[in-house]
Amino acid sequence: MARGAAPVGTPTAQTARPRIGPYELIAPLGAGGMGEVHLAKTATASLVALKVIKSEFAGDLQMRERFMAEVDHLRMVSSSRVARFEGADLRHDPPWLAVEYVPGPTLRRHVEQVGPLPANLAAMLGAVLAEGLVAIHQVSLVHRDLKPANVIMSSRGPVIIDFGLAKLTDRGEHLTQTGVGVGTLAYMPPEQLRGDRDLDGKADVYALGATLVYALTRHNIFRADTWYALTQLIIDPDAHPDISGVPASLAGIIGSMLAYDPAERPSAETVMNHLVAVINRSGEDATTVRKRLTELTYVPPEIPLPSDVDDPERDPEDPYDFDTGPTELVPTP
């Protein structure tokens, strides 16, 4: 026997971890009412975020339809601004979906812990996210749940995650009933809250505007004591979003993104170009601002993980907002 070799049949010192499909589970990343997300590892030690339907919901037809739609949507989008599709098995028990693991805190966590972003850094954040939306909209998709908790501030800049609510605009796919808005209330445009079936990319532009207001001011565009009062504000054409605290250089474009009528909102591409122009007019170049944004928002890992995992990073208190069901299901009053 060669020196140092273990005898055949000798068990390894490391305890085997549970597996789902070809993936070894490392640690939980988050959970919703109907699904769970785990940090997982391939045989070649590549890390993924593995999304799994909870066993008690695996037989639910609507849940499987939503899961299948999410897989189809992720396959269609190709952009460094969107977490990459890695694989899926819808016939497995339980069904699973693997996407690129993107280390870093969410935008929401950064703002809560560090504070609002300066004007130029918020402009770059918006431009990068708008670039991601352009790629999403080019394949006739609407994300429908863009918000600070669905933006990861990674080492390569902001990345959009969670396509659980995405919808194809050219097939009329709609997995919820008429008159029900699906999404996250604080970032939802009025047409989405009403449950309109003909949503387009302008819904995402509105959500991006609301996300930028939060990134710049740490407050939402509408505030109320109850969800009912909040829905009334959102669907009221005479109620104006609160953009107080937004710098003058960004107030015009963000105000237009939050227009009540989708037809009056700019496209994602127009938003991207406008925000880059704001940066250029300030005397800074985009490369420098992009670097400063990453240096400010990307942080080292905070939770120790097993020694065989090479420093993945995750948001410890606000885990990735992957949920196989809607973040909020709000019946229209």
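Axes are lines fitted to C-alpha atoms, for helices over the stretch in contact, and the angles between N-to-C directions run from 0 to 180 degrees. Helices (H or I, at least four residues) and strands (E, at least two) are DSSP runs, numbered from the N terminus. The structure is a predicted model, in which local features need pLDDT of at least 70 and side-chain atom pairs count only at pLDDT 80 or more, while totals for chains, interfaces and linings use all residues. Residues are numbered from 1 along each chain as its sequence is written, and side-chain values use heavy atoms, with hydrogens and water left out.

The axes of helix 3 and helix 8 (residues 268–281) come within 8 Å and cross at roughly 155°. Helix 3 is therefore roughly antiparallel to helix 8 (angles under 35 degrees count as roughly parallel, over 145 as roughly antiparallel, 65 to 115 as roughly perpendicular and the rest as oblique). Their crossing is left-handed, a term used if the near helix is turned anticlockwise from the far one by less than a right angle, and right-handed if clockwise. Contact (heavy atoms within 4.5 Å) involves residues of helix 3 including Asn120, Glu131 and His137, and residues of helix 8 including Glu269, Leu275 and Ile279. The contact of helix 3 with helix 8 comprises 12 nonpolar, 3 polar and 2 charged residues; Ala, Val, Leu, Ile, Met, Phe, Trp, Tyr, Cys and Pro count as nonpolar, Asp, Glu, Lys and Arg as charged, and the others, Gly among them, as polar.

Helix 5 (residues 201–217) and helix 7 (residues 248–257) have axes that come within 8 Å and cross at roughly 140°, so the two helices are oblique to each other. Helix 5 passes helix 7 in a left-handed crossing. Helix 5 contributes Val205, Tyr206, Leu208, Gly209, Leu212, Val213 and Leu216 to the contact, and helix 7 contributes Leu250, Ile254 and Met257. By class, this contact of helix 5 with helix 7 has 9 nonpolar, 1 polar and no charged residues.

Two loop residues other than glycine have a positive phi. Alanine 45, with phi near 70°, is found in the loop between strand 3 (35–41) and strand 4 (47–53). At 48% relative accessibility, alanine 45 counts as partly exposed (buried means under 20% relative accessible area, exposed over 50%, partly exposed in between, with a 1.4 Å probe and protein chains only). Serine 140, with phi near 65°, lies in the loop between helix 3 (119–138) and strand 7 (141–142).
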